[in-house]
Structures are given as structure tokens and as C-alpha cells.
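Dear colleague,

Please find below the structure that I am handing over to you. My findings follow after it.

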Amino acid sequence: MVQVPVRVQSAIEMIQQNFTGKDIVSFDQFTTEDLAILFDVTQRMKYIAERKMPSRLLDGLLVSLLFFEPSSRTFSSFAAAVKRLGGQTIEMQNPEQASSLSKGESFADTIRTLEAYSDALVMRHRIPGAAREAALVAESMPIINAGDGNNEHPTQTLLDMYTLYDRFGRLDNLVGMLAGDALNSRTIHSLIKGLSLYKNNTIYVLSPECLRLTRDDVVNFSDRGIRLIEIQRAEDIPTHCDFWYWTRVQRERFGSPAEYQKAQQEIVVATPQLLNTYAKKDMILMDPLPRVDSVDPAVDADERAVYLRSQIRNGLYTRMALLALVFGRAA
Ligand code: NCD
């Protein structure tokens, strides 16, 4: 029998301006006050990282990185964040092949094992809700969701929102367009939740019929007060957006290669021509990456394309800030 741990009740607490010891599994836990705190610490982390200043902020702390799905940026920026702050990591990628899970060990026992050796766990998993599940199992170790299936990716949203804040000096009164796989993109789902926290944001969602948000998601997000406008064709793109946020078709969520190919053929690709026609001079083009047949590399030279510039770097700074706060060492 699986023993339900004592911590169950508190596993998905609101942050309430106190990150210490909290699990970070969903953007539902955040308020604007929490983001203000995190952005403040992020500025300091940026200062440390840009100057390569030695930091002992996470001295003596060990963070496990357990990634059931592939990752380049999230994995390496978390590893870099821990190490830039003087902490250490246990790194497990592909644990279904490389750990005792391959011998039939349970998910819960894997989490308990890492809890015995480390002080926090950053986890990516293909199953929606897996981070929440891990948070229920772990009694003393905070769990940070690095992406759970097509559900959420809260730390990506922290860096996305910081990128917007850094560029525009505000997170309200923005007009944005989220393009691509709205159905499956966990980064889109968390970002809409994040932008809903602020007043008067309008979000266009550009996706083909087969990749639209679920009707439940539309109702759930709209209930938060954000203005969501779904569009399907390039010709419908408004010309007054402050930002575009492109995503790839999430190939790993499709039942068959044929279904993926079909969806891929229907999406709008970001090209220099699309920017020239529909984008403001002072907007920014974001992408959580990887871009796979979604953003034409010819766009990279455009100063408005920030995905390989500030956005990617902000992943490091915001994750340093989050870890410092979760460990209560940011003060
Ligand atoms: C995203 C993800 O894993 O959801 N990548 C990331 O973490 N930057 C986006 C994607 O895979 O398309």
C-alpha cells in the first residue's frame, strides 16, 4: 500500500510572496506580487552571471535534475543556475533507460530515492500532472516542474514574462500573438495563465483548426479576464502586436507521423516577409525553442527576434532567482 505523505495538503500551495520550500508545479500558484519579487532577484542574478561573479548562495545544496523527456535549454540552464550559485547537481536524463525504472522500480520510489540525496528536484515528464504527483510523494524536497506533458511549463513562463517585462517595462496593456501548437504547447498554456494576472492584455492565438486550444482551455483562460482571440490564417494577423510568441508543432504528442505531417503543413511559419507585412517596428519575436520548421532562420538577423538573444539568457537568470528563492537564500 502506498502511504499518503503528510505533505499532501500543502503540495500545491500558492506562493503568497514566500517561495521558501514551495513546490513550483503550475502558474496557478503565482500572483503579480510573487513575480515582482522574482524579477527583482532576477536582476541581481543577471548581474552575478554576466560578470561571472563567484557566488556561494547555494553552498552545500544539491539539486537533482530528473528529465524523462529530452531537453536542451531547460536542463542546461537549471544545471548552470545551480552551479553558478555554488550548488551541485545530480543529473539524470532518460531515466527510463538509465535508472532502476528500467528494472521496474516505481515512479514514487525513484522520487523518494532522490529525496534521500538531494535538496530539490527539477523534473520534466511526458505525463500531464506528473510534477504534482512527485510533489505529493516528496515529503521534504521541493519539486520544480520543468514541463509535464502538454500541461504546463511554469519556469519557461517566468523567463518569458521577464523577457517581456525587461523589454516593455510592464506586463499589462500588452497585445500579443501566440502562434503554432496551441493545443499541445505547455509553454503557451502557462504563458496565458501568466499574462492573465495583469490587466487589459489581449492575446491572439494563431493556430490551424487541428491545433486550437481545447474549448475547456478557452473557457478556463477567458474566465481569468484575459481577452483571447483565436485566428487561423496569416491574413488575420493584427499589425499592432507588441510581441509574437512562436511555437513548433509538438511532434511527440501525436499518435502517428502522418497526423504530425498533416498538422505541420497547416501551420503559419514566421518568415522575414511575415514580419515585414504584419509586425510593428518595436515589437519582439519570441520562441521558447527548439524552433523546428516554425521560425525561418532568415528571421534571426532581425533585431526584433529575441529568442536566441535575451530570451534564452533570461532562462538562466530567472532559474537562478527561482532556486535562490525556493531555498530561502535570496535575501
Ligand atoms: C519547450 C518545451 O519543452 O515545452 N522547450 C523549452 O523548454 N524551452 C518548447 C518545445 O519543446 O517546443
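The notes below cover the model, its domains and the ligand site.

This is a predicted model, in which local features need pLDDT of at least 70 and side-chain atom pairs count only at pLDDT 80 or more, while totals for chains, interfaces and linings use all residues. Residues are numbered from 1 along each chain as its sequence is written, and side-chain values use heavy atoms, with hydrogens and water left out.

The chain is divided into domain 1 (27–153 + 315–326) and domain 2 (155–312), with bounds from an automatic or database domain assignment. The centres of the two domains, taken over C-alpha atoms, are 25 Å apart. In all, 31 residues of domain 1 are in contact (heavy atoms within 4.5 Å) with 28 residues of domain 2.

The ligand lies between domain 1 and domain 2, because both give residues to the shell around it. Residues around the ligand (a heavy atom within 4 Å of it) include Thr74, Arg124, His153, Arg186 and Pro288.

- Arginine 248: a polar side-chain atom lies 2.7 Å from an oxygen atom of the ligand.
- Glutamine 250: a side-chain N or O atom is 2.8 Å from an oxygen atom of the ligand.
- Glutamine 156: a side-chain N or O atom is 3.1 Å from a nitrogen atom of the ligand.

Of the 320 Å² of accessible area (Shrake-Rupley method, 1.4 Å probe) that the ligand has on its own, the protein covers 94%.

Yours sincerely

How values were computed: A polar contact is a pair of N or O atoms within 3.5 Å; within protein, one must be able to donate a hydrogen and the other to accept it, and residues adjacent in sequence count only if both atoms are side-chain atoms.
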